[in-house]
Amino acid sequence: MANVTVIGAQWGDEGKGKVVDWLASRADIVVRFQGGHNAGHTLVVGSNTYKLSLLPSGIVRGKLGVIGNGVVLDPDALLAEISKVRAQGLDVGPHNLRIAENVPLILPLHPALDRAREAARGEDKIGTTGRGIGPAYEDKVGRRSVRLCDLSEPETLSAKLDELLLHHNALFRGLGAPEFEKAPLLEALLALAPKLLPYAEAVWERLDAARHEGKRVLFEGAQAVMLDVDHGTYPYVTSSNTVAGSAAAGAGVGPDQVGLVLGIAKAYATRVGSGPFPSELHDETGRLLGERGHEFGTVTGRPRRCGWFDAAMVRQAVKIGGVQGLVLTKLDVLDGLPELKLCTGYRVDGEVMKRLPAAMRAQARAEPIFEVMEGWSGSTRGARSYADLPAQAVKYVRRIEELVEAPVMMLSTSPDRDDTISLRDPFAG
């Protein structure tokens, strides 16, 4: 049996949480390999709704959850999330949650710097969540990070804070923002040590043992390919690599362990924050999609921008992300619309392109080229087989497969975990 990696194929918020939850019933271990608590996955299980930002979605299924070294971890956010889901009846502790000992930590100065920079950008702001994700990744690359393992060495922790504050306080002075003092930071981190260190281990060893034991691992990505720091709509992107290839580096496994790559895409398109969105709708249809799809950010609560399915963009994500099959979500949101449109390419300064250009201003000038399809009058909500779908809905799915050059392996027709049409078992390889 193969491992499976799940990534977003648009700009995030595609419904990865439900898909990972559904797949976790077949997995032994679920691993988060990048991002931070700027990611939000909503899982609906019966009458319970779980909103997860750091915890691997498989925790809800009672599976072993792993937070890999590719994540940046806010200790307070993690502990608050654990407390919240425990209050909902989930059992979470070191017995079923392991964290890479070398994971970088998000400290209070990171979100403070994030917010100060966004304020300084004014109208040119990127639209970050302000949670310190970017600054924490900067410190990782700059070799300044306080890592989880450092909490076990007070002298190392103290020395690292000296270096960190030397760098960050200079930035705060330049931005006209309050500086940070060492003593409160050190005291807070030492107080967190006994709460966090029981979760820490060399997770690469655990995953290597799982490989030898033939266990199935599900790698859970955050955000999406078009928010990838290298391949997305830069600079309106996240601060990590969101493509499937980063699952190996972000978890400590070989590239051969990534397994089958599933790309998750909505049957339409949404985006939170700033940046180009060629197929965006500013009319009544866009508002209708937002209302029907309950399009508000899981983490930020911000309303999502809505538009038609951008097949050219998803095709690009398929190629870059190594996607071998798609999961199409929220098909039911399109029920009853008389006409549907698919973006098949762009016009940029008169030139027809099948991909988004890399340059920022060229991306902003990209005009969508639409293909029009007839909608369907029946309902797809709650369908659990292709036979339950209106014929025109099946045509819509088939046309998407042709345009993005990847098969649709699964369809989600409501937030409920069981309202899923599976066309192929991803764990079969």
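Trainee: What should I know about the numbering and the values before I start?
Mentor: Residues are numbered from 1 along each chain as its sequence is written, and side-chain values use heavy atoms, with hydrogens and water left out. Because the model is predicted, local features need pLDDT of at least 70 and side-chain atom pairs count only at pLDDT 80 or more, while totals for chains, interfaces and linings use all residues.

Trainee: Which residues have the most contacts inside the largest nonpolar core?
Mentor: A nonpolar core is a set of buried Ala, Val, Leu, Ile, Met, Phe, Trp, Tyr and Cys residues joined through side-chain atoms within 4.5 Å. Buried means under 20% relative accessible area, exposed means over 50%, and partly exposed lies in between, using a 1.4 Å probe and protein chains only. The largest such core has 113 residues, and those with the most contacts inside it are Phe309, Leu326 and Tyr396.

Trainee: Which helix gives the largest share of this core?
Mentor: Helices are DSSP runs of H or I with at least four residues, strands are runs of E with at least two, and both are numbered from the N terminus. The largest share of the core is seven residues, and these come from residues 391-404, which form helix 12.

Trainee: Which residues is Tyr396 in contact with, leaving aside its neighbours within four places in sequence?
Mentor: Contact means heavy atoms within 4.5 Å. With those sequence neighbours set aside, the partners of Tyr396 are Ala267, Phe309, Leu331, Leu334, Leu340, Leu342, Met373 and Trp376.

Trainee: At what angle do helix 3 and helix 5 pack?
Mentor: Axes are lines fitted to C-alpha atoms, for helices over the stretch in contact, and angles run from 0 to 180 degrees between N-to-C directions. The axes of helix 3 and helix 5 are 10 Å apart, and the angle is about 25 degrees. That makes helix 3 roughly parallel to helix 5, because angles under 35 degrees count as roughly parallel, over 145 as roughly antiparallel, 65 to 115 as roughly perpendicular and the rest as oblique. The packing angle asked for is therefore about 25 degrees.

Trainee: Is the crossing of helix 5 and helix 6 left-handed or right-handed?
Mentor: The axes of helix 5 (residues 154-175) and helix 6 (residues 182-196) come within 10 Å and cross at roughly 140 degrees, and that makes helix 5 oblique to helix 6. A crossing is left-handed if the near helix is turned anticlockwise from the far one by less than a right angle, and right-handed if clockwise. The crossing of helix 5 and helix 6 is right-handed.

Trainee: Which residues of helix 4 are buried?
Mentor: Helix 4 spans residues 133-141, and what covers its buried residues includes helix 3 (109-121) and helix 5. The axes of helix 3 and helix 4 come within 7 Å and cross at roughly 115 degrees. The buried residues of helix 4 are Ile133, Gly134, Pro135, Ala136, Tyr137 and Asp139.

Trainee: Which peptide bond is cis?
Mentor: Most residues other than glycine have a negative phi, and most peptide bonds are trans. Pro235 is found in the loop between strand 8 (217-220) and helix 8 (246-251). With omega near 10 degrees, the cis bond runs from Tyr234 to Pro235.

Trainee: Is Gln223 buried or exposed?
Mentor: Gln223 is found in the loop between strand 8 and helix 8, and it has a positive phi of about 55 degrees although it is not a glycine. Its relative accessible area is 9%, so Gln223 is buried.

Trainee: What is the relative accessibility of Lys330?
Mentor: Lys330 lies in the loop between strand 13 (325-329) and strand 14 (339-348), and its phi is positive, at about 55 degrees. Lys330 counts as partly exposed, with a relative accessibility of 22%.
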